[in-house]
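Here is a quick tour of side-chain contacts and open space. Have the viewer ready and follow along.

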Amino acid sequence: MPRIISPILNYFLANDMAKDYTDVQGEMSALVRLTPPTLAGYQEPMYFDSQTMLDGENATITGIELVNQTELSHSPNGEVTMDSVLFPYGVLFISDIKNQIIAELPLTSLQRTTNNGKLLFTNFNTQLWANCYVEFTQAPFSSPTIPLLFNVYYIPKQKN
Amino acid sequence: MNNLIIKRSQLIEAQFTGSVATGKKYPFTQVPNLSRNNIIIYGFEAFSATQLAVTPSNNTVVAASAIDQLVITFVDDKNVERVYQIPYYTLVSSLNGGFIKMVKPFILNLTRCYVQITSTTGINVDEVASLNIYYSIIGED
């Protein structure tokens, strides 16, 4: 029996505005570590290290997940990861090469465990990873230098 | 079940300034980024202090215990109330299975959008209702 799709839903699907939550998350994934600098304070941007494979020139980012202590207690380097108590105070900013903000994503919305297991789907094509940053918005963040871990799902772009 | 894909997003907030009163309309702070005519809005997500304690503008977000006392109205560029008095609670993704609310795309008139309080219990002056607006730019992938 053919599936009936409403015109609005069809519009969403055709324009990459929505997809089934069980759909493929991305072709590849990378665990990205962000360690706040020693003297980072709140309301101070903490930039990611450059990862050219995640730049819009080379990849479409199809999902971002913040890994909490329950999911991974230690980073691959053996460091204890950041306590999720701090997450409501943080926002991830995705920026392009001109430092224009593409998206502002509160850290808790990137956690699967607080969103019923759902990954936050994205379709970022113009980002420059070295211009992306996390900012904490209030005093409970006190320069822990404990890393945040993000699982970034992406589709590499074909080059001629 | 489909879930929204984020192309672009912008945090917006409506502050409960002056006094906290039932029925009073609290407008959203203007965001020049969203005032362009080539931007279409297709989804919303609301936050309580549990998800976002303080906004990047350094304003305290309304407590989780009070989000069942708020309704939001979104107005389009023709001043039509496209989404009228939708309960704030239904826009909080983590309370609704992780699904983000999608709407038929429209051009937003942010300065005409507002939040209303249905009961003042647990809501303090200068707290904010904080939302993430999901949008795309016409002609952009």
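## Ring against ring

Two rings of Phe, Tyr or Trp (for Trp, the six-membered ring) make a pair when their centres lie within 6.5 Å, and planes over 60 degrees apart make that pair edge-to-face. Keep in mind that this is a predicted model. Under that rule, 10 aromatic pairs turn up over all chains. One of them is A:Phe12 with B:Tyr42, an edge-to-face pair with 6.0 Å centre to centre and 70° between the planes. Since A:Phe12 belongs to helix H1 (residues 7-14) of chain A and B:Tyr42 to strand E4 (residues 39-47) of chain B, this pair joins two chains. How buried are the partners? A:Phe12 has a relative accessible area of 3%, so it is buried, and B:Tyr42, at 0% relative accessibility, is buried as well.

Over in chain B, the ring centres of B:Phe16 and B:Tyr26 are 5.0 Å apart with the planes at 85°, so this pair is edge-to-face too. B:Phe16 is in the loop between strand E2 (8-15) and strand E3 (25-27) of chain B, while B:Tyr26 is in strand E3 of chain B, so the contact ties together parts 10 residues apart in sequence. Both B:Phe16 and B:Tyr26 are buried. Also worth a click is a single aromatic cluster made up of B:Phe28, B:Phe44, B:Phe74 and B:Phe106.

## One lysine, two rings

Which rings does A:Lys118 sit over? One is A:Tyr21, with the charged end of A:Lys118 4.7 Å from the ring centre. The other is B:Phe99: A:Lys118 lies over the face of that ring, at 4.4 Å from the centre.

## Salt bridges

Side chains of opposite charge can pair when their charged atoms come close. Over all chains, the structure has 3 salt bridges. In chain A, A:Arg33 meets A:Glu79 at 2.6 Å, N to O. A:Arg33 comes from strand E2 (residues 28-34) of chain A and A:Glu79 from the loop between strand E4 (59-67) and strand E5 (90-95) of chain A, so the bridge ties together parts 46 residues apart in sequence. A:Arg33 is partly exposed at 33% relative accessibility, and A:Glu79 is partly exposed at 24%.

Another salt bridge has A:Arg112 and A:Glu65 as partners, with their closest N and O atoms 3.2 Å apart. This one also links distant parts of the chain: A:Arg112 is in the loop between strand E6 (101-106) and strand E7 (120-124) of chain A, and A:Glu65 is in strand E4 of chain A, 47 residues away. A:Arg112 is buried, with a relative accessible area of 18%, and A:Glu65 is buried at 7% relative accessibility. Chain B has a salt bridge between B:Arg82 and B:Asp76 (3.3 Å, N to O). Here B:Arg82 is partly exposed at 35% relative accessibility, whereas B:Asp76 is buried, with a relative accessible area of 5%.

## The largest pocket

How much space lies in the largest pocket? About 190 Å³. Its lining has 15 residues, and those nearest the centre are A:Asp16, A:Lys19, A:Thr62, A:Ile155 and B:Ile5.

Strands E1 (18-20), E4 and E7 of chain A each contribute at least two residues to the lining of the largest pocket. Sorted by class, that lining has 5 nonpolar, 6 polar and 4 charged residues.

Methods
Residues are numbered from 1 along each chain as its sequence is written. Chains are lettered from A and ligands numbered from 1 in the order in which they are written. This is a predicted model: local features need pLDDT of at least 70, side-chain atom pairs count only at pLDDT 80 or more; totals for chains, interfaces and linings use all residues. Side-chain values use heavy atoms; hydrogens and water are left out. Rings of Phe, Tyr and Trp (its six-membered ring) pair if their centres lie within 6.5 Å; planes under 30 degrees apart count as stacked, over 60 as edge-to-face and the rest as tilted. Helices (H or I, at least four residues) and strands (E, at least two) are DSSP runs, numbered from the N terminus. Buried means under 20% relative accessible area, exposed over 50%, partly exposed in between (1.4 Å probe, protein chains only). A charge sits over a ring if NZ of Lys or CZ of Arg is within 6 Å of the ring centre and within 35 degrees of the ring normal. A salt bridge is a side-chain nitrogen of Lys or Arg within 4 Å of a carboxyl oxygen of Asp or Glu. On a 1 Å grid over the protein atoms alone, a cavity is a set of points where a 1.4 Å probe fits but cannot get out, and a pocket is an open set with protein on both sides within 12 Å along at least five of seven lines; lining residues have an atom within 4 Å of a point. Grid points are joined across faces, edges and corners, and a volume is the space filled by probe spheres set on the points. Ala, Val, Leu, Ile, Met, Phe, Trp, Tyr, Cys and Pro count as nonpolar, Asp, Glu, Lys and Arg as charged, and the others, Gly among them, as polar.
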